[in-house]
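Welcome, and thanks for coming along on this tour. Please open your viewer, show the chain as a cartoon, and get ready to select a few residues at each stop.

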Amino acid sequence: MKKLFKLILNTIPRPILIRLSYIARPILALALKGDAFTDPIDEKSFRMFLPYGYGTQRNNVLSPSTLSLERHRLLWLYLNDKTDFFTSKEKKKILHFAPEQAFYKLFRNQKNLEYTTTDLFSPLADVKADICNLPFEDNQYDVILCNHVLEHIPDDTKAMQELFRVLKPGGMAVLQIPQDLSRATTFADDSITDQKERAKIFGQYDHVRIYGRDYFDKLRSIGFNVIEEDYTNEIAPELVEKYCLAKGEIIPVCFK
């Protein structure tokens, strides 16, 4: 199964994968029904989660029902438990980059959210836009969600500046990225052009860097007030395992 999923991820374009997944999800959810692991987003349980990864595959990480990964389930728990994202009586303006299927319909149907999605290529995007040149006015959004996008962007400084520009004063941006916390500094090497080699080194062929611990300070240099939220340490260990979370993953919660 791992080899099959790796082949699918590396050969089928992502927009097509998104469309095909609507057919595959109910079949996979039924076939893998059990009680070993639970997806907190829809509270469905399975005997196993699916493997995932463009390079090295991780076992038991992709939920069959919502297609959530570790980072999505962690973000869902954080938004539920630590914010008023779902409970605010005042409508919040949300800007969601590269919207994930795990969240798309749920956020779209949330009555207290004025929900806008954006991406250059995703079929789920309301607005086709370049993150480095956004077509939005200054100080527009209460919450920005930008999950595993910046590692794809050559000029991430410009992208961060645009995110800061369109966020309202006092607004919150969750800017998750794949991060190697053992690295003090971010690593990039544009001389590596072979896709297989880039997937081996960077985790995906289309990643342009591996962020280190200096990521948080770079966000601060843009103007964000950054909280390095280690939320898995606040969750019971048995639930970290049950929900298939990545222990120690840091959520960059940024305020303007």
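Let's begin at N60, which counts as partly exposed because its relative accessibility is 25%; here buried means under 20% relative accessible area, exposed means over 50%, and partly exposed is in between, using a 1.4 Å probe and protein chains only. N60 belongs to strand 4, residues 58-62. Its phi is near 50 degrees, which is a positive value in a residue other than glycine.

Before moving on, a word about what you are viewing. This is a predicted model, in which local features need pLDDT of at least 70 and side-chain atom pairs count only at pLDDT 80 or more, while totals for chains, interfaces and linings use all residues. Residues are numbered from 1 along each chain as its sequence is written, and side-chain values use heavy atoms, with hydrogens and water left out.

**The whole view**

Zoom out for a moment. The secondary structure of the protein comes to 8 helices and 11 strands, where helices (H or I, at least four residues) and strands (E, at least two) are DSSP runs numbered from the N terminus. Of the 256 residues in the protein, 50% are buried. Contact means heavy atoms within 4.5 Å. Among contacts between residues at least 6 apart in sequence, 61% join residues at least 24 apart.

**Two helices side by side**

Now select residues 70-82, helix 3, and residues 101-108, helix 4. Two packed helices are described by the angle between their axes and the distance between the axes. The axes of helix 3 and helix 4 come within 10 Å and cross at roughly 30 degrees, which makes helix 3 roughly parallel to helix 4. Axes are lines fitted to C-alpha atoms, for helices over the stretch in contact, and angles run from 0 to 180 degrees between N-to-C directions. Angles under 35 degrees count as roughly parallel, over 145 as roughly antiparallel, 65 to 115 as roughly perpendicular and the rest as oblique.

Which residues of helix 3 and helix 4 make the contact? Show H72, L75, W76 and L79 on helix 3, then F103, L106 and F107 on helix 4. These residues divide into 6 nonpolar, 1 polar and no charged. Ala, Val, Leu, Ile, Met, Phe, Trp, Tyr, Cys and Pro count as nonpolar, Asp, Glu, Lys and Arg as charged, and the others, Gly among them, as polar.

At 11% relative accessibility, W76 counts as buried. Leaving aside neighbours within four places in sequence, W76 is in contact with P40, I41, F86, F103, L106 and F107. Between W76 and P40 there are 7.8 Å in space, C-alpha to C-alpha, although they are 36 residues apart in sequence.

Next, select W76, F85, F86, F103, Y104, F107 and Y115 together: they form one aromatic cluster. Rings of Phe, Tyr and Trp (its six-membered ring) pair if their centres lie within 6.5 Å; planes under 30 degrees apart count as stacked, over 60 as edge-to-face and the rest as tilted. The whole structure holds 16 aromatic pairs.

One of them is F187 with F202: the ring centres are 5.7 Å apart and the planes are at 15 degrees, so the pair is stacked. F187 sits in the loop between strand 9 (167-174) and helix 6 (195-202), while F202 is in helix 6, 15 residues away. Buried or partly exposed: which is F202? F202 is buried, at 5% relative accessibility, whereas F187, at 28%, is partly exposed.

**Charges over rings**

Select K93 and Y141: K93 lies over the face of Y141, 5.1 Å from the ring centre. Then try K256, whose charged end sits over the ring of F164, 4.8 Å from its centre. A charge sits over a ring if NZ of Lys or CZ of Arg is within 6 Å of the ring centre and within 35 degrees of the ring normal.

**Two loops to finish**

Go to the loop between strand 8 (141-146) and helix 5 (156-166), where you will find H148. H148 has a phi near 55 degrees, again positive in a residue other than glycine, and is buried at 16% relative accessibility. N147 is in this loop too, and is buried with a relative accessible area of 5%. Apart from neighbours within four places in sequence, N147 contacts R71, H72, L75, E100 and Q176.

Last, pick K247 in the loop between helix 8 (237-242) and strand 11 (251-255). K247 is exposed, with a relative accessible area of 52%. Not counting residues up to four places away in sequence, K247 touches T232, N233 and V240.
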